[in-house]
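Hello,

Here is the structure I said I would hand over. My notes on it follow below.

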Amino acid sequence: MYIVFDLEWNIANPYKKNKLNNAMIPNEEIIEIGAWRLDEHLNILDSFSTNVKANFFDELHKHVAKVTQRDKASLKTGLNFPEAFLHFTEWSKQDGEPILFCTWSNNDVRPWISNLEAYNLQWPLGMRFFDAQRFFSLAKDDRNTQNSVATALEFLAIEPEKDLHKALNDAWYTAIIFQRTIRHLQKENKISSDPNELFAELYKYSYDINLNYRDKLVFDDISKSSDLIKIAKNTDWLCPACKTKLKFTKNWKPAKRGLHLNNSTVCPEHGTVLVNLMCFRNKQQRELNLPFHVKADVKIDWMVHSLK
């Protein structure tokens, strides 16, 4: 069973942001949930849709208003988030059948988690998320490009008939792209046509949002960029999810004139981990020959598997 869903969310206007000191207030407040259910054969069965009544932000950010074509009055419509979440989870359940929750990119994951935390709600353990955007990119052998829904529709020659940036419509298009991508791969014998085997194959590309899959680290400043390799080699790098110490067998690869170093390794439990270590300074800092700032992005890569 597959649930393809999409969220629309609002953010605080800049002048209000500084007033929001409560750590439990999410940076993004969900204002709409839309979803479609697909069976094991990828047939679209039914849908779920609800507006979510705003609780934290009583005004629409101008960018959100422009993209979604909503107005301020819409924030007062719909269910409150705990009730919407309950309805969505109840609708999603299907006699204990395993489910993959599919989204277009992972951009909706952070708002989803932060809204759950704001209301002290628990997403059931074991529910897996699947990034349909990255799988589409992998299927077209273009892993490094973040394709938009509109780009994917054009690539697959699907004529858009519904307005984008409405949760139910965006979920519909994601479901169609997901469906067409899988069926195309099945015709090319790159992925199984057997429903059980297909689910198992897609499962390996999914991830548990209850796990921390990304760490962002900050290091002491360095006087010259060539010192970056010392940090790379002397740091005890850990898996973001389980904090297991990572062992690197490959050399660090320089990029961007030596200001970045990249490497990858494998956590025995959570798979491939990518590390991007970088040093940087702005124009003024360069002119004054000030030290370089250093930070690193350590993340689990859920899309390392190759298709047949």
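**Lys93 and its surroundings**

The side chains of Lys93 and Glu90 are joined by a polar contact of 3.3 Å. Please keep in mind that this is a predicted model. Lys93 sits in the loop that runs between α3 (81–92) and β4 (100–103). Its relative accessibility is 49%, so Lys93 counts as partly exposed; the cut-off for exposed is over 50%. In sequence, Lys93 and Met1 are 92 residues apart, while their C-alpha atoms are 9.7 Å apart in space.

**Strand β4**

The loop with Lys93 leads on to β4. Which residues of β4 are buried on each side? Leu100 and Cys102 are buried on one side, and Phe101 and Thr103 are buried on the other, so that both faces of the strand are covered. As background, side chains in a regular strand alternate between the two faces of the sheet.

β4 has pairing partners in β1 and β5. With β1, β4 pairs in the parallel sense over 3 bridges, and Leu100 in β4 has Tyr2 standing opposite. With β5, β4 also runs parallel, and 4 bridges join the two strands. Here the bridge partner of Phe101 is Phe129 in β5.

**Helix α4**

Helix α4 (residues 109–118) is largely enclosed by the rest of the structure, because 7 of its 10 residues are buried. These buried residues are Val109, Pro111, Trp112, Ser114, Asn115, Leu116 and Ala118. What do they pack against? Their partners are the strands β1 (2–11), β2 (28–38), β5 (128–131) and β6 (207–208), together with α3. After α4 comes Asn120, which has a positive phi near 55°.

**Helices α5 and α7**

Helix α5 (residues 132–139) packs against helix α7 (residues 167–187) at an angle of about 30°, and the two axes are 10 Å apart. The crossing of α5 past α7 is left-handed. On the α5 side, the contact is made by Ala132, Phe135, Phe136 and Ala139. On the α7 side, Thr174, Ile177, Thr181, Ile182 and Leu185 take part. Sorted by class, this contact of α5 with α7 has 7 nonpolar residues, 2 polar residues and no charged ones.

Gln179 also lies in helix α7. Is Gln179 buried or exposed? With a relative accessible area of 10%, Gln179 is buried, as buried means under 20%. Leaving aside residues up to four places away in sequence, Gln179 touches Leu42, Asn43 and Ile44.

**The sheet from β7 to β8**

An open sheet of 5 strands has the order β7-β11-β10-β9-β8, and its pairing is antiparallel. Its edge strands are β7 (214–222) and β8 (253–255), each of which pairs on one side only. On average, neighbouring strands of this sheet are turned by 25° against each other, with direction ignored.

One of the residues involved is Phe219, whose bridge partner in β11 is Val294.

Regards

Terms used:
Residues are numbered from 1 along each chain as its sequence is written. This is a predicted model: local features need pLDDT of at least 70, side-chain atom pairs count only at pLDDT 80 or more; totals for chains, interfaces and linings use all residues. Side-chain values use heavy atoms; hydrogens and water are left out. Buried means under 20% relative accessible area, exposed over 50%, partly exposed in between (1.4 Å probe, protein chains only). A polar contact is a pair of N or O atoms within 3.5 Å; within protein, one must be able to donate a hydrogen and the other to accept it, and residues adjacent in sequence count only if both atoms are side-chain atoms. Two strands pair if DSSP finds at least two bridges between them. Axes are lines fitted to C-alpha atoms, for helices over the stretch in contact, and angles run from 0 to 180 degrees between N-to-C directions. A crossing is left-handed if the near helix is turned anticlockwise from the far one by less than a right angle, and right-handed if clockwise. Contact means heavy atoms within 4.5 Å. Ala, Val, Leu, Ile, Met, Phe, Trp, Tyr, Cys and Pro count as nonpolar, Asp, Glu, Lys and Arg as charged, and the others, Gly among them, as polar.
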